[in-house]
Amino acid sequence: MYLRRVSRKNKDGSRVAYLQLAHNEWDSKAKYAKAKVIYSFGREDQVDRAALERLANSVIRFLSPEEALQFREGIGETAEFLFEASKRLGGSWALNQIWRKLGLDEMIQTLLKDRNHQVDIERQIFAMVANRALAPTSKLGMEDWVRDDVVIPGLDQVFSHQLYRAMDVLLDVKDSLEEQVYYATADLMNLEVDLIYFDTTSSYFEVEPSEAPDDEGLRKLGYSKDKRPDLLQVVIGMAVTREGIPIKCWVWPGNTMDMTVVEEIKDDLAGWKLGRVISVADRGFSSEDNLRYLQRTGGHYIVGEKMRSGKPETEDALARKGRYHTIRDNLKAKEVIVGDGEARKRFVLVYNPKEAEKERKQRETIIEQLEQELEGLNQLPDKQHTKAVCRIRAHKVFSPYLRQLKDGRLKLNKQAIRDAERYDGKYLIRTSDDTLSVEDIALGYKQLIEVEQGFRKLKSTLSLRPMYHRLDERIQTHILLNWLALLLIRIAEVDTGTTWLRLRQALDKIHLGKFSSKNGELYQRTELTYEQRLIHGRLGIEAPPKIYDLQPKS
């Protein structure tokens with residue numbers, strides 16, 4: 001289809017031209033194409049030029065930005081462009097592509113389809129998730145971040161009150177979303193879900209306990225894994241696969257003990273019908289009640305045992321003679337069976353020679369410092385001597401290696417030192433699965449570090465803190481947003497074999513420039529480097545188009 005100009009000669013010798021919209025049709029009899037007029041615009045000197053421009057611009061809207069730009073260049077409408085602004089594009093583009101590959105956009109839209117919202121809630125949620133992964137800030141700070149600093153595909157601006165509303169909506173669909181996200185992730189990543197690791201951590205709030213209302217639900221004083229027992233906190237649980245992909249998170253009151261949450265974790269994961277699952281957990285979950293619960297519905301466990309618990313079976317496992325088998329260069333293990341029949345328990349004692357040497361040297365340094373402290377006591381007058389004795393006895397590092405005589409003097413406890421040597425470089429694992437090899441058990445438990453790495457990313461890379469939220473619902477949603485961000489960056493790390501910090505540094509160098517001219521505005525990205533192209537290839541996503549957008553003046 002094309003616009004053609006035809007002319008004819010009048011009797012007085014003048015010529016008149018007409019403009020027509022036409023296309024060619026094949027004439028089978030004549031054996032050539034003939035022009036067929038679709039619409040006649042009339043005489044050229046009487047045609048409405050503005051109408052033709054509107055028609056041309058309407059056609060351009062259906063072209064790609066590159067084609068539209070080439071079209072305007074072809075008709076001589078180009079003009080000098082003014083470079084007005086630049087915003088980061090690479091990180092948010094990559095996260096959005098992973099978000100779409102998981103189907104998160106469609107999931108959220110489907111879950112909210114029966115609700116009438118004046119803003120795009122799915123885009124608001126993605127913007128908050130991207131913010132945690134790229135440049136964590138407050139909801140108020142996100143207004144400037146989206147407007148001035150970063151390109152969020154499909155979203156030009158945000159307002160803090162809309163973000164808070166989106167947080168509330170997200171919490172309403174949390175359970176359904178988590179389950180759908182798990183299945184989508186398992187399918188996309190071909191996840192192995194025979195081993196599920198879970199552990200807990202705590203995170204505190206920037207608020208004094210005295211300032212908190214009496215009816216606090218989640219913010220409580222408790223055992224702080226951040227070494228801030230003076231502040232209110234929540235307890236966060238997370239389950240990850242052996243690849244380190246977080247599949248679910250939980251939030252509990254700050255005074256929750258590890259061993260009290262196993263039933264909830266087990267029941268939640270069982271509802272997802274994962275099949276044969278071996279739960280891998282740290283020593284805090286190894287109560288007998290918890291272990292029995294983990295075996296319900298055919299499940300099994302691999303858990304760490306507290307070697308200094310004093311339990312008879314633990315002491316028996318540690319004392320049992322046997323040869324260690326090398327699993328890896330710095331990892332050895334041996335199997336120990338304690339008891340018979342129904343009372344039979346399977347343990348694996350793991351020994352790391354390098355770690356044992358490290359612990360031995362650390363203890364020697366402590367003992368040397370302690371001997372100097374004890375020698376210095378003899379030089380002190382009575383009052384100062386008494387204070388010094390109390391200080392040394394209360395010292396967390398020194399006290400395990402001390403004993404006090406009847407006359408009040410402090411001496412090295414040589415038996416305690418010998419006992420400590422017994423545990424150097426060792427950890428004890430217990431399992432309920434007889435089909436697993438010693439190597440699978442030892443390495444499976446060692447991979448529990450994946451959970452700990454996830455917690456470190458939550459607290460450092462994603463800046464989980466500081467947390468100022470007061471409402472329980474907002475606290476839960478804040479952690480849910482961080483979990484979604486962690487999910488995206490872990491998928492990126494697994495696919496590329498590179499840390500998110502390195503990926504973010506490379507992707508953030510992709511900028512989108514805004515150029516203006518008399519014909520409109522052009523948005524063009526910077527040229528891609530080899531590293532940036534490699535990242536997109538490994539992620540299996542498309543790179544952002546060079547001409548990102550073109551907005552002609554109407």
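## A loop residue and the model

Ser 28 lies in the loop that joins strand E2 (15-27) to strand E3 (32-43). Helices (H or I, at least four residues) and strands (E, at least two) are DSSP runs, numbered from the N terminus. With a relative accessible area of 48%, Ser 28 is partly exposed; buried means under 20% relative accessible area, exposed over 50%, and partly exposed in between (1.4 Å probe, protein chains only). Between the C-alpha atoms of Ser 28 and Arg 88 there are 57 Å, and the two residues are 60 apart along the chain.

This is a predicted model, in which local features need pLDDT of at least 70, side-chain atom pairs count only at pLDDT 80 or more, and totals for chains, interfaces and linings use all residues. Residues are numbered from 1 along each chain as its sequence is written, and side-chain values use heavy atoms, with hydrogens and water left out.

## A positive phi

Most residues other than glycine have a negative phi. Lys 227, which is not a glycine, has a positive phi near 60°. Lys 227 sits in the loop between strand E5 (195-204) and strand E6 (233-241), and its relative accessibility of 71% makes it exposed.

The buried residues of helix H9 (residues 262-270) are Val 262, Ile 265, Lys 266 and Leu 269. They fall within an arc of 95° seen down the axis, so they line one face of H9. The arc is that of the directions from the helix axis to the C-beta atoms.

In helix H19 (residues 530-539), Gln 532, Ile 535, His 536 and Leu 539 are buried. Their arc around the axis is only 95°, which puts them on the same side of H19. Tyr 530 and Gly 537, on the other side of H19, are exposed. Helix H3 (90-102), helix H17 (472-496) and helix H18 (500-507) are among what covers the buried residues of H19.

## Helices H12 and H13

Helix H12 (residues 353-377) packs against helix H13 (residues 382-394) at an angle of about 160°, and their axes are 10 Å apart. Axes are lines fitted to C-alpha atoms, for helices over the stretch in contact, and angles run from 0 to 180 degrees between N-to-C directions.

Leu 370, Glu 373 and Leu 377 of H12 are in contact with His 385, Ala 388, Val 389, Arg 391 and Ile 392 of H13, where contact means heavy atoms within 4.5 Å.
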